[in-house]
Amino acid sequence: MPNPFAPLIVLDFEVQNRLQALTRAHSTPQALVLRCRLILRLAGKDQPSNLQVANEFGCSRNTVILWRTRFLQHGLVGLQDAPRSGRPRSFSPR
């Protein structure tokens, strides 16, 4: 039977500062910025639900669940893009 409560995210000071720095940096890819903002919001003092965060960010509840579980399992490294299978992209000089 599924657990109706999502696991809590508790951030220490260093991880919270790193996530905030990633959201402010202009060189950070926007997909990573969204993931960092999701984690920061999930770690808020009001402990919002997955559905509430999804509505605030305009994404699906499954997206919030995915990044919550990856962050809990792997930490900051889990928020990075995973390597894709298949042939790498190649760009022509034109």
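Start by selecting T23, which sits in helix α1, residues 13-24. Keep in mind throughout that this is a predicted model.

Which residues does T23 touch, leaving aside neighbours within four places in sequence? Select V33, C36, R37 and L40, and you have them.

Now widen the view to helix α2, residues 30-42, alongside α1. The two axes cross at roughly 140 degrees and come within 9 Å. The crossing of α1 and α2 is left-handed. To colour the contact, pick Q16, L19, Q20, L22 and T23 on α1, then L32, V33, C36, R37, I39 and L40 on α2. Sorted by class, this contact of α1 with α2 holds seven nonpolar, three polar and one charged residues.

For the last stop, move along to helix α3 (residues 50-57) and helix α4 (residues 61-74). Here the axes are 8 Å apart and the packing angle is about 115 degrees, which means α3 is roughly perpendicular to α4. The crossing of α3 past α4 is right-handed. Highlight N50, L51, V53 and A54 from α3 together with R61, V64, I65 and R68 from α4 to see the residues that make the contact. Its class make-up is five nonpolar, one polar and two charged residues.

Note on methods: Residues numbered from 1 in each chain as written. Predicted model: local features only at pLDDT ≥ 70, side-chain atom pairs only at ≥ 80, totals over all residues. Heavy atoms only, no water. Helix = DSSP H or I, 4+ residues; strand = E, 2+ residues; numbered from the N terminus. Contact = heavy atoms within 4.5 Å. Axes fitted to C-alpha atoms, helices over the stretch in contact; angles between N-to-C directions. Parallel < 35°, antiparallel > 145°, perpendicular 65-115°, else oblique. Left-handed = near helix turned anticlockwise from the far one by under 90°. Nonpolar A, V, L, I, M, F, W, Y, C, P; charged D, E, K, R; others polar.
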